Amino acid sequence: MKRRSKSLLLRLITPLSLLSAATVLAISVSTYFSAREALKQSLYDRLNVAITLKEEELTQWFEAQRSDILLLARLPEIQVQTAVLLSSLETKDDEVDEGFAVPADGALREIAKQQLSNYLRDILGLKPDLAEVSIATDTGKVLFSTNQALENSQQSLSDNTVTYFADASVKIQPVLYTSEVTNATAITLATPILDGENNRIGVLLVTLDLQDVDSLIQDRTGLGKTGTTYLVGQVENKNRFLASEEAKTVTGNINSFAIDAAIAGESGSGLYQNYAGKPVIGVYRWLDGQSLALLAEINQREAFAPAQALARNIILIGVVATGLLLSGIYILSRRITEPISEITEATINVQNGELEQSLTVMGQDEIGALAQAFNHMSRKLKQSFTKLEDKNQTLELQVHQRTVELKDARAEAEAATRTKSAFLANMSHELRTPLNSIIGYGEMLEEDMEMMGDLSLLPDLRKIQGSSRHLLSLINSVLDLAKIETGRMELHLESVDIADLVDEVITAISPAVDKKANFLTLKNQSAIASIETDANKLRQCLLNLLGNANKFTDKGRINLIVSTPHYEDETYLEFTVEDTGIGIDPDQLEHVFEAFNQADVSSTRRYDGTGLGLTITREFAYMLGGAVTAKNRPSGGAIFTIRIPQVIPTVQRQPVTV
């Protein structure tokens, strides 16, 4: 009973539990993805703001450097000392060409270099973004440099390493290259040095210090713990970091979805894996004015942590709420299932025969009404069973009495049957003896009359013989039927040649067939030559069927078909007798094998016979392990079929229907 109660509780609680859990899970998942989308959009906005600010700061920084370089190239001290360096260089070259000795002008150049060095030291102290300052000729020969290793070297002024501009109105795109000295990414800006008449006398080369750019870009204000921004440019057809901490550890070509898209000139945002293979949410933008890709990224775990925390909190709250709900459901279910369990237990007791059951009615609700109905049903059932037991006892007495009466009646019927059969057997024997004598004397008288030449009495003698033989046949049929009823009919099995048996039957029946002007046809389609059976009984069956067909057919056709069909993997021998006679009345078809039954039951019967031939045929067929059937032909006449097996099984005689 506890198992039943628990099962009912589970059936009540389980759907609600699953529904509650599914609701909490659905709300949590929905909230998580909603919060994730909101956070994603918020992060896109924040990263876009950050990248826009850094783009503006980067643009301002480059503009400031260009302005400082233009101003530096226009300083009189720079112009004067550049002119001194160039003039001393020209004097030296002329004197060398004319073959004169070189004067001691080296001191003049050294003085100019010293003054430039002191002057630029003060300026670079104020402008730390200017890493190196060099003065070169138009051909690129370095006359002076704050990096003495570059002096007297040949500096390329091509577009691959130097970004050249003449004034502030010229739009420039800084060219990135790898410094041969530091092996780091560098930017060198170049502008002409003019004299008082605005004639170019040299070129000012300034290599920028990109550490300030790195500090500016690496500022994580508003980007969280894992937020980062960085610049990527193309150096020698490779993606390289521009002055960042990563540039010191990451060498070679760097790639990611965002980097490749930005280098291709695209701007956008999305969820992707960065150059280190970590999932991030980022914004990328191509800075056309600086030929750089600017990216801002935040690790996805940090980015979506608030959404995950919110989902966890919702799940926790949902679990607690579900637990409280299930507790209430459990208490309510117990209040429902306990009365039901009591009713169930009482019902099982009634099923087991304990009819005196009574339930305590608790309240006037549906369960209380059910308990009242059960109590009423239990009382009614008890009363009904009491009445039924009384009736059963009375009925048992009546059945016992009727059983005794039936046994007595059966014994009397069996005794009467035995008496009848014995009487028929005795009477048949007593009748056959004088009939055989009559037939014998009739034949003797027929022979005497023929010898005496008195032929006038021959027809009467033959009628006497015919009637006697007919009566003898009737007595033989009655005797066979009696033997069958008393179980004294025995089988004599032997090997029977089918063709010979059929020929004997046709020979025996042919005179009667010819007498009625019928035409008898044999179709032997048997696949076997012989069969083990009782030849006499099988012969009698065929004679009875052919005689019956001949009796009800005038000037017609009778077909005897022998075949060996297969039924349920067994081979049978089948004899089919077809005729074109009067057929069988449909109402009599199911009674045709009953004893003393005739196809013509009218008051003016035109056909003689006892009605025992088909009955005996059925009994013989059954004794041979087979059966006989009858049906009407569609075009008129009847069809009788005997089917017997090749091996006769154990025979159980069926009762004869009289």
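Two strands pair if DSSP finds at least two bridges between them. Helices (H or I, at least four residues) and strands (E, at least two) are DSSP runs, numbered from the N terminus. The model is predicted: local features need pLDDT of at least 70, side-chain atom pairs count only at pLDDT 80 or more, and totals for chains, interfaces and linings use all residues. Residues are numbered from 1 along each chain as its sequence is written, and side-chain values use heavy atoms, with hydrogens and water left out.

Five strands form an open sheet with antiparallel pairing, in the order β8-β7-β11-β10-β9. Its edge strands, each pairing on one side only, are β8 (238-241) and β9 (268-273). Six bridges join β9 to β10 (residues 279-287) in the antiparallel sense; Gly-268 has Tyr-284 as its bridge partner in β10.

Aromatic rings are considered next. Rings of Phe, Tyr and Trp (its six-membered ring) pair if their centres lie within 6.5 Å; planes under 30 degrees apart count as stacked, over 60 as edge-to-face and the rest as tilted. By this rule there are five aromatic pairs, including the two below.

| Pair | Centre to centre | Angle between planes | Type |
|---|---|---|---|
| Trp-61 and Phe-62 | 5.1 Å | 85 degrees | edge-to-face |
| Phe-257 and Tyr-272 | 6.0 Å | 55 degrees | tilted |

Phe-257 lies in helix α6 (residues 257-263) and Tyr-272 in strand β9, 15 residues apart, and their pair links distant parts of the chain. Phe-257, Tyr-272 and Tyr-284 form one aromatic cluster.

Buried means under 20% relative accessible area, exposed over 50%, and partly exposed in between (1.4 Å probe, protein chains only). Trp-61 is buried at 9%, Phe-62 is buried at 7%, and Tyr-272 is buried at 7%.
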